[in-house]
Amino acid sequence: MNPKRSTFLFSVLCFGMAFLYVPMALLVLYSFNHSKLVPVWGGFSLRWYKTLFTSEEVWNALTLSLQVAVVNATFATLLGTLAGLALVRFGRFRGRTLFTGMISAPLVMPEVITGLSLLLLFITMNELLGWPSSRGVTTITIAHITFSMAYVAVIIQSRLSGVAQDLEEAAQDLGGKPLRVMFDITLPLLAPGMLAGWLLAFTLSLDDLVIASFVSGPGANTLPMLIYSRVRLGLRPDINALATIIIMTVAIGVALAGYLLMRQRKQIDRDRQMAAAGAAT
Amino acid sequence: MPPRPDTAGLFPRAGAAQAWHNWRRHFSDFAQTHWRELTIAVPYLWLLVFFLVPFFIVLKISLAESLIASPPFSPLIEWAEGEALRIRIIFDNFAWLLEDELYVQTYLNSLKISTVSTVLCLLIGYPIAYAIVRAPPGARHILLLLIILPFWTSFLLRVYAWIGILADRGTINNFLMWTGVIDQPVRLLYSEFAVYLGIVYSYLPFMILPLYANMEKLDATLREAASDLGAHPATTFFTVTLPLTVPGIVAGALLVFIPATGEFVIPDLLGGGNVLMIGKVLYGEFNANHDWPVAAAVAIALLVVLVAPMMLYQHFQSREMEPGKWR
């Protein structure tokens, strides 16, 4: 590649990363600002962290959000894995087109539509069946499962398409019953994909504002709903502190995952080299 | 060996164990023969009930009449005398949407904003995706990770970050006033510009990732062949690389365009009262005005606008996911 071109590509990358990360860096910086006026620097201080940690409202919202996120991620992973398996391994079945449509639509559906339609469903169900009589944690969780499972299904689909069917076929040829093959071969192969799906479903749920505001009832405020009600009125230094904590948590988690992956990959490379050396002698 | 019934009677716990065992065998037989059906049926039913049926309810309510009651709309199907169903369909809500200049304007404005944002995302995202593909393999993983990382942090807070940057006493205005370029703050926040910035910032990774996935699979030898045959780099780009990346461009563009059209958080936080977008109007009709039938009609109208791009996306998605494509 000629040097002029690679300089261009390098500056493109620098610009792109700056665009993505400078706003977040400023968010973190202002959280340590003593001044109440967010963008005006008034000296280093941790007072907004104190405000944040002593707020009962924040703790309640966080607990509720985590609760919803864990239940959502677990159910979404189960349902999404089943859906992904059905779509990749079962070939044609009746209603497959509708199924693929329902799996891929939530990925792009505007949130306002999903939120409104689910709320109207819950109200209609309450009229006809007497359930759910009140809206809150349960309705938010159901709504989150519905869109999260689509993301999990996509991850499982791409993972399954990448894994050759040979292993499953071999197990079947050796007399393994289909269900046994599924539990002994397919699911272990899928485990990393399921973990990725669980984590994605977890963060999607923690991140959702619009759908939760539609299907939630009085008293049930998730963390994004709380953040939104505060930042609507302008800048809030305590929200900057909260953002910093979230960004740090994610960064540490990703760095850890990256480190583990890298170590695993190195181990595999080393094993390969050993094997190659062994074969050569 | 099947146990005799009398022993089972003498030892009730053994009987219970036997029943449990039998039940388990029946269940495992059932699972063994019907596991395919079960695997399909569970997620299928969930999506039918919680994804498909709600749309018909929205459709139904969009045709109802607004009432001050709970629920605040008239029943579409009423039991009249006898068993005859009297069906009242009122198209008033839709007629109102079409007559009211404001709604038409809002739809057109939403489409304009999402189209321009999609083009901007493509113009910024394409070179970035290209640069990542051409980066050394070691750096590639880290760069990709940096693109994905914002997904894992809060969308809401990333939009909020721009309030601090664009506000009248925000980072940019402070900086410009400090350097003396301006002496009065420039209005940046609560404008269409702020909304564009917010959408491009939030949706850029959605554009880069499909483009990267597509470019990664490109055959480098094609490009080399073109330049070996004497093609100028620009010619190679426009005749070889660009046409081959069209699937990535389409996927990325749809992933930005569709959700951006119905976006609520960005126009609400960064656009304030100055930028009209349909997602915000829907939310307002519903939350502030409590006019559910109109909110439902707005949702249906939005869906009608987005149905074509959504089907296109699904077409690409299902082609990408075709079983056995990688074998």
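Helix 3 of chain A has 34 residues and reaches 49 Å from its first C-alpha to its last, a span close to the 50 Å expected at 1.5 Å a residue. Just after helix 3 of chain A comes G91(A), which takes a positive phi of about 65 degrees. The model is a predicted one, and helix 3 (56–89) is among the elements of chain A that give two or more residues to the side touching chain B.

**Contact between the chains**

- Between the two chains, 69 residues of chain A are in contact with 76 residues of chain B.
- On the side of chain A that touches chain B, the elements giving two or more residues are helix 1 (3–31), helix 3 (56–89), helix 4, helix 5 (111–129), helix 6, helix 8 (178–207), helix 10 (223–231) and helix 11 (237–280) of chain A.
- Helix 1 of chain A gives the most to this side, with 11 residues.
- By class, the residues of the side of chain A that touches chain B divide into 53 nonpolar, 13 polar and three charged.

**Helices 4 and 6 of chain A**

- The axes of helix 4 (residues 96–108) and helix 6 (residues 137–162) of chain A come within 8 Å and cross at roughly 110 degrees; because of that crossing, helix 4 of chain A is roughly perpendicular to helix 6 of chain A, given that angles of 65 to 115 degrees count as such.
- From helix 4 of chain A, the residues I103(A), S104(A), P106(A) and L107(A) meet T146(A), F147(A), A150(A), Y151(A), A153(A) and V154(A), which belong to helix 6 of chain A.
- The contact of helix 4 of chain A with helix 6 of chain A has eight nonpolar and two polar residues, and no charged residues.

**A cis peptide bond in chain A**

- The peptide bond from W131(A) to P132(A) is cis, with omega near -5 degrees, and P132(A) lies in the loop between helix 5 and helix 6 of chain A.

**Chain B as a whole**

- Chain B contains 14 helices and two strands, and buried residues make up 38% of its 327 residues.
- Of the contacts in chain B with a separation of 6 or more, 68% are accounted for by residues 24 or more positions apart.
- Chain B is divided into domain 1 (5–62) and domain 2 (92–320), and the C-alpha centres of these two domains of chain B lie 44 Å apart.
- Four residues of domain 1 of chain B are in contact with seven residues of domain 2 of chain B; on the domain 1 side of this contact, the residues divide into three nonpolar, one polar and no charged.

**Helix 6 of chain B**

- Helix 6 (residues 155–166) of chain B has 12 residues and reaches 17 Å from its first C-alpha to its last, close to the 16 Å expected at 1.5 Å a residue.
- Of the 12 residues of helix 6 of chain B, 11 are buried, so this helix is largely enclosed by the rest of the structure.
- The buried residues in helix 6 of chain B are L156(B), L157(B), R158(B), V159(B), Y160(B), A161(B), W162(B), I163(B), G164(B), I165(B) and L166(B).

**Y190 of chain B**

- Y190(B) has a phi near 55 degrees, a positive value in a residue other than glycine, and lies in the loop between helix 7 (171–179) and helix 8 (192–216) of chain B.
- Y190(B) counts as partly exposed because it has 19 C-beta neighbours inside 10 Å, whereas a residue is buried if 20 or more other C-beta atoms lie within 10 Å of its own.

How values were computed. Residues numbered from 1 in each chain as written. Chains lettered and ligands numbered in written order. Predicted model: local features only at pLDDT ≥ 70, side-chain atom pairs only at ≥ 80, totals over all residues. Axes fitted to C-alpha atoms, helices over the stretch in contact; angles between N-to-C directions. Helix = DSSP H or I, 4+ residues; strand = E, 2+ residues; numbered from the N terminus. Parallel < 35°, antiparallel > 145°, perpendicular 65-115°, else oblique. Nonpolar A, V, L, I, M, F, W, Y, C, P; charged D, E, K, R; others polar. Expected span 1.5 Å × (residues − 1). Domains from an automatic or database assignment.
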